[in-house]
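Opening the notebook on this one.

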Amino acid sequence: MRKHVLLAGVLLLSAISFGQKKEIKKAEKEIKSGNFTEAMMLLKQAEGMLAGADSDITSQFYIVKARGLMLGSVTDSADLKMASELLKKAKEVDTGNDNTSAIEEETDSLKGILENNAGLDYKAMRYKQAAEKFYIAYTVNQLDTLFLFNAALASKNANDFENASMYFQKLADLEYTGIQKQFVATEKATGKEESFVTQSQRDLMVKAGTHVNPKEKISESKRELVLLSLAQINIVNGDNEKAIEIIDQVRK
């Protein structure tokens with residue numbers, strides 16, 4: 001009798017596992033087709049069966065849901081933040097490292113979406129939205145301190161001095177300088193020098209014939225700008241004593 005009970009339990013778990021995988025696969029298919037609402041409905045059904053699921057399936061669920069949010073809500077800060085949290089959960093539960101490559105791929109995709117949309121928001125002077133997206137990108141990988149710097153600038157431009165102060169203070173504590181190697185080339189059409197993120201990107205444009213005179217530069221330190229911005233915000237907030245301390249630090 002006990003064997004029959006155990007067998008029934010195993011069969012039940014197998015059926016649940018199959019059901020979870022089926023719903024997740026269906027959701028992936030809908031996402032590829034651009035049917036994000038349908039995908040989220042399927043994932044909601046799968047989520048109800050997650051209790052007791054193995055780490056591989058649970059991790060897959062978080063990855064697919066993050067992908068659906070990313071691609072279906074490329075301009076929505078709240079959904080992009082949720083996607084970031086889901087990818088972190090996917091990594092936490094992936095104890096067997098079965099989905100490491102997929103998590104890394106989706107994380108890179110998320111950073112690209114955030115950076116691109118934050119840049120568009122900034123150019124359109126939607127500084128608050130830009131700051132939100134730059135900061136989410138920073139939380140994805142806190143080694144990318146340029147995102148934190150951009151979030152600080154955008155917050156300051158939005159007169160969001162509370163967040164601006166917090167971000168600039170973090171930069172000050174990290175002794176952020178922003179010094180980096182720049183890959184530049186002159187655009188033929190305008191005669192203006194343009195910077196590229198990587199050497200390969202610049203070389204590709206030179207090879208295409210749109211740019212000439214490739215070279216490398218070292219950017220100037222942003223340390224002074226960080227500290228002076230922090231001092232300025234303290235003055236706005238009425239903390240002149242703190243502002244004077246920071247200005248003395250700049251002088252030194």
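In which sense do strand E1 and E3 pair, and over how many bridges? I looked it up: E1 (residues 181-187) and E3 pair in the antiparallel sense over six bridges. Pairing here takes at least two DSSP bridges between two strands; strands (E, at least two residues) and helices (H or I, at least four) are DSSP runs numbered from the N terminus.

Ground rules: this is a predicted model, with pLDDT of at least 70 needed for local features and 80 or more for side-chain atom pairs, while totals for chains, interfaces and linings use all residues. Residues are numbered from 1 along each chain as its sequence is written, and side-chain values use heavy atoms, without hydrogens and water.

Sheet entry. I find three strands in an open, antiparallel sheet, ordered E2-E1-E3. E2 (193-196) and E3 (211-218) are at the edges with a single partner strand each, so one side of each has no neighbour in the sheet. Neighbouring strands are turned by 30° against each other on average, direction ignored (axes are lines fitted to C-alpha atoms, for helices over the stretch in contact; angles run from 0 to 180 degrees between N-to-C directions). Lys181 has Ile218 in E3 as its bridge partner.

Helix entry. H9 (residues 199-208) lies across E1, E2 and E3 and runs at about 160° to E3; contact means heavy atoms within 4.5 Å.
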